[in-house]
Amino acid sequence: VVEDESKIARFLELELKHEGYEVEIAFDGRSGLERVEKGGIHLIILDLMLPLMSGIEVCRRIRKFSDVPIIMLTAKDDISDKVTGLDSGADDYVTKPFAIEELLARIRVALKRKKQAENDANKDTLTAGKLVLSKLQHKVTYDGEEIPLSKKEYDLLLFLMENKGIVLDREKLIEKVWGYDFIGDTNVTDVYIRYLRSKIDQHYGVSFIRTIRGVGYIFEDNDE
């Protein structure tokens with residue numbers, strides 16, 4: 001809670017703690033920003049008119065490094081003020097005086113929306129240490145550096161990562177990556193495993209893909 005009026009700040013603290021939330025208070029914009037920069041904050045109730053740094057400026061700066069939900073809380077109810085607050089990155093806007101029940105409802109909605117967004121992102125992204133595969137962007141990176149992969153290399157790595165820790169034989173890899181109607185030698189999987197190892201394991205000095213002699217391969221998260 002970033003609020004310079006001590007009575008309102010105390011009221012919010014008591015009500016939020018009663019609902020089971022952990023609460024921290026900052027009485028000026030600069031202190032609020034500094035606390036958010038330290039991390040561990042899941043939602044911010046941010047007053048618009050603050051000493052040292054305005055709520056608008058605090059919001060803008062937070063949005064440069066975090067997508068934490070922000071609910072603006074202010075006595076200003078002009079449409080232009082609401083638009084400015086939302087344009088600066090706020091997720092919601094509540095004017096004073098307010099009903100605590102409405103604010104609590106808006107908090108629940110904001111937290112639920114953030115959780116859903118995180119769940120959607122997790123479904124899109126597969127990780128193993130510094131190796132990240134984004135299905136949405138169809139891109140693979142290691143420690144932020146993009147790894148150029150062909151379509152089949154990408155498809156093979158995707159299937160391996162989706163089945164992390166499971167031994168996959170060549171027939172299964174052929175079926176899932178090349179398709180049921182593939183006609184050719186199953187050793188094609190060995191060729192593409194070598195391609196992946198040269199671009200990832202050998203290039204970055206890691207060990208993700210392990211050969212199970214006589215069976216197939218297993219993808220393991222051994223990134224140190």
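The model is predicted; local features need pLDDT of at least 70, side-chain atom pairs count only at pLDDT 80 or more, and totals for chains, interfaces and linings use all residues. Residues are numbered from 1 along each chain as its sequence is written, and side-chain values use heavy atoms, without hydrogens and water.

The chain has eight helices and 10 strands (DSSP runs: H or I of at least four residues for helices, E of at least two for strands, numbered from the N terminus). Its radius of gyration is 25 Å, well over the 17 Å that the globule rule gives for 224 residues, so the chain is more spread out than a compact globule. The radius is taken over C-alpha atoms, and the rule is 2.2 Å times the number of residues to the power 0.38. The C-alpha atoms fill a box of roughly 75 × 30 × 30 Å along the principal axes.

The whole structure holds 17 salt bridges (a side-chain nitrogen of Lys or Arg within 4 Å of a carboxyl oxygen of Asp or Glu). One of them joins Arg35 to Glu24 at 2.7 Å, N to O. Arg35 lies in helix 2 and Glu24 in the loop between helix 1 and helix 2, so the pair ties together parts 11 residues apart in sequence.

Lys199 pairs with Glu153, also in a salt bridge, with the closest N and O atoms 2.7 Å apart. Lys199 sits in helix 8 and Glu153 in helix 6, so this pair ties together parts 46 residues apart in sequence. Glu153 is buried, at 5% relative accessibility, and Lys199 is partly exposed, at 29%. Buried means under 20% relative accessible area, exposed over 50%, and partly exposed in between, with a 1.4 Å probe and protein chains only. Glu3, Glu5, Asp47 and Lys96 are linked in a salt-bridge network.
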